[in-house]
Structure formats: structure tokens, C-alpha cells
Amino acid sequence: MRIAKDGHTIASIEDWHRYAPPKRNIHWAEGHSAFELARAWCGTGTAAMPDDLRALFDSRDNTRGLSVDLVTPEHRIVFDAHGGEPRNADLAFVGRTATTTVAVTIEAKADEPFGATVAQTMTDALERLITTPASHGVMRVADLVQAILPVRGKDQPKVGDLRYQLLTAVAGSLAYARENQADLAVLIIHQFVTSKTRDTKHAKNEQDYRAFVNRLTGVLPEAHDTTPRLGLFAVPGAPLFASGSRLLIGKIVTNCRPAPTTTPSH
């Protein structure tokens, strides 16, 4: 397996920072998501899939034994024709099993939130429409909602309360799968618990993630269930994707905090 960006091979954390830095250099620090993602994939000086991610793939028949040749950090993915900012996947790669081609994108998180809600994003888009009539922001939000979310069931979260970044992450995964003619699109949330993160923020992100999965699948993930899982479902698809496009979504948590020290008793 090889990690590379724009033709440059990445075999160390230093290479990652040189060739695939995050948008803002302030995010490149030990304990933050960009740095910890690089450490998880090449912290030993050799490119390798993290063990917890491998275990997640091996938990399903259609991703077990996934073989990966090339991994790309900071990969930009266009998912619609409305212009604006494309999806920026923290990591993207295509893998293969004996029977399936799988396109994977990864969203790395320390304890930063999943951005604004859909309602907040739509409000901002409407404000832009007043000053810039050619803006496509409102249509972009509407297309994403139609393409990805099923009809709301009883007691499911309302679309406006969901986190917009999770919608664009799913769209990026589906577009990446389409671009690579893959059978399955996979979105992985990789959370890093570090000495610089706060548990209250992790808890809020978990709540937002569970609400999003509930709305997508109709199933509310078990609270406090730390078992990594990949859930398979089909999205409506239109107007952005093929009807019934298949998506796997899952989450892994890597605890990077040092083990607590104990004072010997006398």
C-alpha cells in the first residue's frame, strides 16, 4: 500500500505535512485530528492501515480482506454541478475484495463539531441569495437533502437539526464511488480522543452522529456501544446520484491519551 498526494509518496508524518497539509496550519499539531490521522497511517515510517479500521472492514462480508493500493490524503471531491466548495475528504482510497470494489472516504475528528446544522446552512444560503441572486447555495442544500435522506419517520430527527457536514461527507463518498465505478461507497468517521480534547465535545459529536445515522437508516445506534460497526443502506439518490446507491457508514474511535499513572501505596 502507498500513500501519495499529487505524485509525492508519503511515508512519514513529516511527508504528510509537507505534501498534504490541512487547510489551516493551526490544525497541524499533536492531539489534533489532521496530525493524529497522519500518525495513525504512517507514524511508524511505513504506510499501513490502522488496525481498528482493518477490524471494522473485516466485520462485514463485503469489505472483509479489503486490499488497497493507493491512499490519498486531503482529497477534493465534486459531488454536484452547483459550484462552490467541493467535499474535502481527509483521506480517500479505493479497495477491492474478491467480489467487490469499495470506495472509502474518511472524516477525521478530534473534538471539533460537524459544522453548522442544515437549518443554519440553509438560512445562510438564503441570505446570500438576497445579495447574490446567482448563488446556488439553496439548491445545493435542497439537492443534498433529497438525494440522501429518506422520508422522516416517527420520532426521527428533523432535517434542520442534522449536521450539514455529515450530509456533504455522504455526498462526497457517493460521488467518489461513482467516479471510481465502485460497487459500494463507504464513509468512516475516525474520532481521536487525545489529551487536548474534551469529553463533553466528544459526547456532543456522538449525539450528532447518532441522530444522523438514525435519520439515514431508521435505526438509533445503541448508546455507549463502542463496538465498531458498518451499517449498509441505500439512499434515494436523485437528483445527484443513481437511485438506490449503496452506502456503508461507520465510526471508529482511537484513544491517544496517555495511560493514567498510579501512585504506589505504602
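A residue is termed buried when its relative accessible area is under 20%, exposed when that area is over 50%, and partly exposed in between, with a 1.4 Å probe and protein chains only. The model is a predicted one, in which local features need pLDDT of at least 70 and side-chain atom pairs count only at pLDDT 80 or more, whereas totals for chains, interfaces and linings use all residues. Residues are numbered from 1 along each chain as its sequence is written, and side-chain values use heavy atoms, with hydrogens and water left out.

Under this criterion, the buried residues of helix H7 are His202, Asn205, Asp208, Tyr209, Arg210, Phe212, Val213, Asn214, Arg215 and Leu216. Helices (H or I, at least four residues) and strands (E, at least two) are DSSP runs numbered from the N terminus. The cover over the buried residues of H7 includes helices H5 (137-148) and H6 together with strands E6 (184-193), E7 (230-234) and E8 (246-255). H7 comprises 19 residues and reaches 26 Å from its first C-alpha to its last, close to the 27 Å expected at 1.5 Å a residue; the expected span is 1.5 Å times one less than the number of residues. Just after H7, glycine 218 adopts a positive phi of about 80 degrees.

Helix H6 (residues 164-179) packs with H7 (residues 199-217) at an angle of about 55 degrees, the axes being 10 Å apart. Axes are lines fitted to C-alpha atoms, for helices over the stretch in contact, and angles run from 0 to 180 degrees between N-to-C directions. H6 and H7 are therefore oblique to each other, the class left once angles under 35 degrees (roughly parallel), over 145 (roughly antiparallel) and 65 to 115 (roughly perpendicular) are set aside. On the H6 side, contact (heavy atoms within 4.5 Å) is made by Leu166, Leu167 and Val170, and on the H7 side by Asp208, Tyr209 and Phe212. By class, this contact has 5 nonpolar, no polar and 1 charged residues, where Ala, Val, Leu, Ile, Met, Phe, Trp, Tyr, Cys and Pro count as nonpolar, Asp, Glu, Lys and Arg as charged, and the others, Gly among them, as polar.

Backbone geometry was also examined. Glutamate 74, although not a glycine, has a positive phi of about 50 degrees; this residue lies in strand E3 (residues 67-77) and is buried, with a relative accessible area of 12%. Glutamine 181 likewise has a positive phi of about 50 degrees without being a glycine. Glutamine 181 is found in the loop between H6 and E6 and is exposed, at a relative accessible area of 72%. The peptide bond from alanine 238 to proline 239 is cis, with omega near 10 degrees, and proline 239 is found in the loop between E7 and E8.
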